[in-house]
Amino acid sequence: MYFYDKKKIINSNRWLKRHFCDKYVKLAYKKGFRSRAKFKLAELNNSDKIFKIGMNVIDLGSSPGSWSEYAVSKIGKKGKIVACDILPMLPVKNVLFIQGDIREKIIFDKLLHCAKLIPINVVMSDMAPNMSGYSCIDIPKSIFLCNLALKVSRITLVQGGTLLLKLFQGEGFDTFLKKIYDLFSLVKIRKPYSSLTSSREVFIVAAKKK
């Protein structure tokens with residue numbers, strides 16, 4: 001016998017309706033962008049000046065490649081990006097893509113090995129768990145992924161580097177944020193206009209690694 005979660009199906013249907021009616025989704029499709037996420041990163045860069053020519057970047061949760069694509073346009077031909085996602089991603093010029101689950105040691109170590117070849121100026125993470133619709137499940141999973149991104153930044157970022165990551169507000173948010181303040185001199189919490197107002201997601205821009 002097959003059992004289904006009615007709440008999860010309802011939440012999923014609501015999300016799909018909001019998603020396809022969203023003006024940024026429509027605009028991304030019109031402009032040929034890989035996803036609406038490109039608008040979020042553009043807003044964050046406009047406000048916080050994250051990227052500069054020649055920088056090297058790690059992109060976590062990179063698929064379908066919108067963030068890598070935008071970052072490449074800002075760091076130029078001399079900059080490099082190491083991207084990682086459990087899902088496949090079409091090639092982006094000057095981006096080395098590693099497909100795999102960063103929660104697995106073999107993938108985590110492979111990412112670090114590639115990052116050791118170049119000085120990393122920015123670690124950015126758009127990672128998110130598969131959302132169940134239950135915050136008591138989704139928020140801890142999100143924080144776990146954020147802790148992985150933080151670990152990557154601690155190991156790879158040059159002094160003065162920047163960490164940009166997505167985090168969902170809820171239980172454990174303040175505890176995780178304290179870790180960020182301990183490691184970076186300048187911390188800002190952003191909610192881009194292109195982010196759904198109904199979403200719990202916010203973006204942390206942590207600059208000047210201590």
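User: Which cysteine sulfur is closest to the sulfur of C114?

Analyst: The general idea is that a disulfide is a covalent bond between the sulfur atoms of two cysteines, and here such a pair is counted when the two sulfur atoms lie within 2.5 Å. In this structure, the closest cysteine sulfur to that of C114 belongs to C84, and at 9.5 Å it is too far for a bond. By this rule the count comes to 0 disulfides. Before we go on, please note that the model is predicted, so that local features need pLDDT of at least 70 and side-chain atom pairs count only at pLDDT 80 or more, while totals for chains, interfaces and linings use all residues. Residues are numbered from 1 along each chain as its sequence is written, and side-chain values use heavy atoms, with hydrogens and water left out.

User: Is C114 buried or exposed?

Analyst: A residue is called buried when its relative accessible area is under 20%, exposed when it is over 50%, and partly exposed in between, using a 1.4 Å probe and protein chains only. C114, with a relative accessible area of 14%, is buried, and C84 is buried as well, at 3%.

User: In what order do the strands of the sheet stand?

Analyst: Some terms come first: helices (H or I, at least four residues) and strands (E, at least two) are DSSP runs, numbered from the N terminus, and two strands pair if DSSP finds at least two bridges between them. Angles run from 0 to 180 degrees between N-to-C directions, with axes taken as lines fitted to C-alpha atoms, for helices over the stretch in contact, and contact itself means heavy atoms within 4.5 Å. Here, 7 strands form an open sheet of mixed pairing, in the order β3-β2-β1-β4-β5-β7-β6. The edges are taken by β3 (95-99) and β6 (184-190), each of which has a single partner strand, so one side of each is left without a neighbour in the sheet. On average, and with direction ignored, neighbouring strands of this sheet are turned by 15° against each other.

User: Which helices pack on the sheet?

Analyst: Helix α4 (residues 66-75) packs on the sheet and touches β1 (56-60), β2 (80-85), β3, β4, β5 and β7 (201-209), and its direction makes about 175° with that of β2. Helix α6 also packs on the sheet, where it touches β1, β4, β5, β6 and β7, and its direction makes about 170° with that of β5.

User: Which residues of helix α7 are buried?

Analyst: An α-helix has 3.6 residues a turn, so residues three or four places apart point the same way. In helix α7 (residues 173-183) the buried residues are F173, F176, L177 and I180. Seen down the axis of α7, these buried residues fall within an arc of 100°, so they line one face of the helix; the arc is that of the directions from the helix axis to the C-beta atoms. They pack against α6, β5, β6 and β7, whereas D174, T175 and K178, on the other side of α7, are exposed.

User: Which residues does L148 contact, leaving aside its neighbours within four places in sequence?

Analyst: L148 lies in helix α6 (residues 135-156) and, at 13% relative accessibility, counts as buried. Leaving those neighbours aside, L148 is in contact with I102, R103 and F108. L148 and R103 are 45 residues apart along the chain, yet their C-alpha atoms are separated by 7.7 Å.

User: Which residues does a cis peptide bond join, and where is K49 found?

Analyst: Most residues other than glycine have a negative phi, and most peptide bonds are trans. In this model, a cis peptide bond with omega of about 10° joins S63 and P64. S63 has its place in the loop between β1 and α4, and its side chain reaches the backbone oxygen of P88 at 2.7 Å. K49 is found in the loop between α3 (37-48) and β1, and its phi is near 50°, a positive value in a residue other than glycine. K208, in strand β7, has a positive phi of about 65° although it is not a glycine.

Methods: A polar contact is a pair of N or O atoms within 3.5 Å; within protein, one must be able to donate a hydrogen and the other to accept it, and residues adjacent in sequence count only if both atoms are side-chain atoms.
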